[in-house]
Amino acid sequence: MKKILLIVILIFSFLSLYGAMIRTPYLQAVTQNSVYVMIECDSSDDVTVQYGLTTLYGNNAVTESVLQPTSGKWMHRIRLTGLSAGEEYHYRATQDGLNYTSDYVFRTAVSSGTSFRMAITGDMRSNPTVWNEIAGHIISHNPAFMVLTGDLCYDGSYSSWNDEFFTTNNMILSASVPWFNSLGIMKHGQLQRKLL
């Protein structure tokens, strides 16, 4: 019994060395041959994204850069490359090699002259209930990508992002529909524009 208990303790100790992903992945800056996957974790340890045309994946990409938006949280930026225009890709992520996110699907940018559907919206700050409803409507129309025109949250703080922008429906949407954005922040009466 003591040996079994010791083995269980060692397994849990080993697993606790790895960080955990604490936010659903979201996509940004899609092109015909690449896309960025953003994943928030409680560790700066590399994240690996598996991706491919099927759930067999076949390709791996690891953290390209890490940003720490607040204490104990790290935002990982992973670039998926070697993609083909207008194709549907599957992806999933892991930080410990054992626990994976769900399988998500996105489409790369189409070739010139090919029709597509996009969504454009903005000023979702300070009203997460309405933004969550709008994100739900956008999901139902299956756009290729989104353009967010600014004022994504009130003041750009970590808590504003969490409370106002990263709503339940937006996380579902953003895991499969890449977005481009301009972040407008109202601060002390001055409008500041930033690009993420």
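Which residue lies over the face of Y36? The views below come from a predicted model, in which local features need pLDDT of at least 70 and side-chain atom pairs count only at pLDDT 80 or more, whereas totals for chains, interfaces and linings use all residues. Residues are numbered from 1 along each chain as its sequence is written, and side-chain values use heavy atoms, with hydrogens and water left out.

**View A. Arginine charges over tyrosine rings.** R77 is the residue that lies over the face of Y36, at 3.9 Å from the ring centre. R92 lies over the face of Y100, at 3.8 Å from the ring centre. A charge is taken to sit over a ring if NZ of Lys or CZ of Arg is within 6 Å of the ring centre and within 35 degrees of the ring normal.

**View B. Aromatic pairs formed by F106.** A search of the whole structure finds 12 aromatic pairs, a pair being two rings of Phe, Tyr or Trp (its six-membered ring) with centres within 6.5 Å, stacked if the planes are under 30 degrees apart, edge-to-face if over 60 and tilted for the rest. Y89 and F106 form a stacked pair, with 5.8 Å from centre to centre and 20 degrees between the planes. This pair links distant parts of the chain, since Y89 belongs to strand β7 (residues 88–94) and F106 to strand β8 (residues 104–107), 17 residues apart; helices (H or I, at least four residues) and strands (E, at least two) are DSSP runs, numbered from the N terminus. The rings of Y91 and F106 have centres 5.8 Å apart and planes at 65 degrees, so this pair is edge-to-face. Both Y89 and F106 are buried, that is, under 20% relative accessible area, with exposed meaning over 50% and partly exposed in between (1.4 Å probe, protein chains only). Y91 also counts as buried, at 0% relative accessibility.

**View C. Strand β3 and its partners.** Of the 5 residues of strand β3 (residues 48–52), 4 are buried, so the strand is largely enclosed by the rest of the structure. Two strands pair if DSSP finds at least two bridges between them. β3 is joined to strand β4 (residues 59–62) by 4 bridges in an antiparallel arrangement, with Q50 opposite N60 in β4. The hairpin of β3 and β4 has 6 residues between the strands, and in it Y57 takes a positive phi near 60 degrees. β3 and β7 also run antiparallel, joined by 5 bridges, and here Y51 stands opposite Y91 in β7.

**View D. An aromatic cluster.** Ring pairs link Y26, W131, W161, F165, F166 and W179 into a cluster.
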